[in-house]
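Hi,

Here is the structure I promised to pass on.

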Amino acid sequence: MSTPARAAPPPPPVRKGHVQAFEAISNYKAKRDCELSFEEGDLLFVTDRSDPDWFLAIADKKKGYIPSNHVSSENARMPIVDAGRRGNFELLDECLVAGVSVNALDKSGCSALHGVAQGGHVQCLMRLLKEPKLAINLQNKLGDTPLHCAAVRGHSEVVRVLLDHGAQQDITNRDNQTPRSLAKNGIVISILDEGPEHQQRNSGFESHDYGAENSDDSD
């Protein structure tokens, strides 16, 4: 009597931080159901490169195989950081859902949170705060934290939210400056001087206004 064949084990789950963005350098039309079609310039999130000829990727929330000679990682920017900088909520969410690390860095050492803080994008900020492993006090190559970036740009609401979620004011950058010493906007200076607890009570700001009532900064 023959032994029944064992089913193949399920593929391992995608680990955050093990996803890399690739850019399509030419068009490709899927020839099988397990493949993905894409056009030149499309962004694809590659989750498995164990086969050098066929990568497993995610695009438009669909998963499938792509020919490796049709894509390149050389010119693909760090999409999650770009999304944060531009306030592109849809791309930011797509990156996070695909498994891109919330703390991924670009060449300047900036994370998506740095980009969000520079641009003052509160909706994107609240989305990032839902990620349990978000490093809120991460310093870039200049030593700036997201709080530095928000303070120098005068984004008072972002400063307020960052403080309420544990951003530290005493961290100095490479020029030995704190967020307070960089701040020029009067409202931002007031928020930094008074601290997060007082501001949250008196600002009228409610985190659920931005869909963050279930945010959790713990791992």
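Before anything else, pLDDT is the predictor's confidence in each residue, from 0 to 100. This is a predicted model, so to speak of local features I need pLDDT of at least 70, and side-chain atom pairs count only at pLDDT 80 or more, while totals for chains, interfaces and linings use all residues. Residues are numbered from 1 along each chain as its sequence is written, and side-chain values use heavy atoms, with hydrogens and water left out.

The protein chain has an average pLDDT of 82, and 79% of the residues score at least 70. Over residues 1–17 pLDDT stays under 50, and the model has 12 contacts (heavy atoms within 4.5 Å) beyond four places in sequence for them. Residues 198–219 also stay under 50, with 34 contacts beyond four places in sequence. Where pLDDT is low, the predicted coordinates should not be read in detail.

Now the salt bridges. I counted a side-chain nitrogen of Lys or Arg within 4 Å of a carboxyl oxygen of Asp or Glu, and that rule gives seven of them.

Arg85 is one to click on. Its salt bridge with Asp82 has the closest N and O atoms 3.8 Å apart. Both residues sit in helix H1 (residues 79–86), three residues apart, about one turn of the helix. (Helices are DSSP runs of H or I, at least four residues, and strands are runs of E, at least two, numbered from the N terminus.)

Arg85 also meets Asp106 in a salt bridge, at 2.8 Å from N to O. That pair links distant parts of the chain, 21 residues apart: Arg85 is in helix H1, and Asp106 is in the loop between helix H2 (89–98) and helix H3 (112–119).

How accessible are these side chains? I call a residue buried under 20% relative accessible area, exposed over 50% and partly exposed in between (1.4 Å probe, protein chains only). Arg85 is partly exposed at 30%, while Asp82 is buried at 16% and Asp106 is buried at 19%.

Another salt bridge pairs Glu131 with Arg127, at 3.0 Å from N to O. Glu131 is buried at 13% relative accessibility, and Arg127 is buried at 12%.

Cheers
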